[in-house]
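I opened my notebook to look up how one protein chain is put together.

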Amino acid sequence: MHTVNSAAASRIDHPFAPVYDSKSRVLVLGTMPSPRSRTAGFYYMHGQNRFWPVIASLAGERLGYANDAGSKAVDERRALVLRHGIALWDVLASCDIRGAADTSIKNPVPNDFSKLLVSSHIDRIYCTGQTAYKLYTKLCEEATHIGAVCLPSTSSANRGRWPLDALIEAYRCVFER
């Protein structure tokens, strides 16, 4: 991936597989992993993203490793969501994007959710932010036949509108049976 300058969009192919197993009952979708998450090889791994503190709080668990702790942090987070029936993936298989700016997404290609859905018990889908929700509704809902719920973004850019306690309350529905 060669970029002339940091403001230029790059074509990104989703770099990692969805996280799910046969016990997964809810699917949480972002748009596309951020550059930091792609480097870490896992979802929501930017140090300022509040996804993992929210999920750990609702699960009543503590995270033992920081997001930058490598494979130990990835393994811990993967096990956490799977223990609670949560699957993770992103709406897009590829797109043109500038950095982590969802608003810059062009030429989106959706992921194929068919294998994930037949291999699990997913009956609820949540999108982490407006862009993921709009893309899912436009590109995926007709194929999955499952409507999505739009949750607030856990990005640090959303801190002013969504303090941590309000974000935790908004995500409580992910843990409801």
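My entries below go from the model itself to the sheet, the core and a few single residues.

**Entry 1: the model**

I began with the ground rules. This is a predicted model, so local features need pLDDT of at least 70 and side-chain atom pairs count only at pLDDT 80 or more, while totals for chains, interfaces and linings use all residues. Residues are numbered from 1 along each chain as its sequence is written, and side-chain values use heavy atoms, with hydrogens and water left out.

I looked up the confidence next. pLDDT is the predictor's confidence in each residue, from 0 to 100. The protein chain has a mean pLDDT of 93, and 96% of its residues reach 70 or more. Residues 1-5 have pLDDT below 50, and this stretch has 5 contacts (heavy atoms within 4.5 Å) beyond near neighbours in sequence.

**Entry 2: the sheet**

I noted how elements are named: helices (H or I, at least four residues) and strands (E, at least two) are DSSP runs, numbered from the N terminus. Two strands pair if DSSP finds at least two bridges between them.

In what order do the 4 strands of the open sheet lie? The order is 3-2-6-7, and the pairing is parallel. Strand 3 (86-90) and strand 7 (148-151) are the edge strands, each pairing on one side only. From one strand to the next, the twist averages 25°; axes for such angles are lines fitted to C-alpha atoms, and angles run from 0 to 180 degrees between N-to-C directions.

I then followed one pair. Strand 2 (residues 26-30) joins strand 3 over 5 bridges in the parallel sense. Leucine 27 has alanine 87 of strand 3 as its bridge partner. Leucine 29 stands opposite tryptophan 89.

Is strand 3 mostly covered or mostly open? It is mostly covered, with 5 of its 5 residues buried. Buried means under 20% relative accessible area, exposed over 50%, partly exposed in between (1.4 Å probe, protein chains only). Ile86, Leu88 and Asp90 point one way, and Ala87 and Trp89 point the other way.

I listed the contacts of leucine 88. Leaving out residues up to four places away in sequence, they include Pro18, Val19, Leu27, Tyr43, Phe51 and Trp52.

**Entry 3: the core and helix 2**

A nonpolar core is a set of buried Ala, Val, Leu, Ile, Met, Phe, Trp, Tyr and Cys residues joined through side-chain atoms within 4.5 Å. The largest one has 53 residues, and Leu27, Leu29, Trp52 and Leu88 are among those touching the most other members. Helix 2 (residues 51-59) gives the most to this core, with 7 residues.

Just after helix 2, glycine 60 takes a positive phi of about 70°.

**Entry 4: two single residues**

Serine 94 sits in strand 4 (residues 92-98). Serine 94 counts as buried because its relative accessibility is 8%. Its side chain makes a polar contact with the side chain of arginine 11 (2.9 Å). A polar contact is a pair of N or O atoms within 3.5 Å; within protein, one must be able to donate a hydrogen and the other to accept it, and residues adjacent in sequence count only if both atoms are side-chain atoms.

Leucine 117 belongs to helix 4 (residues 114-118). Leucine 117 is buried too, at 19%.
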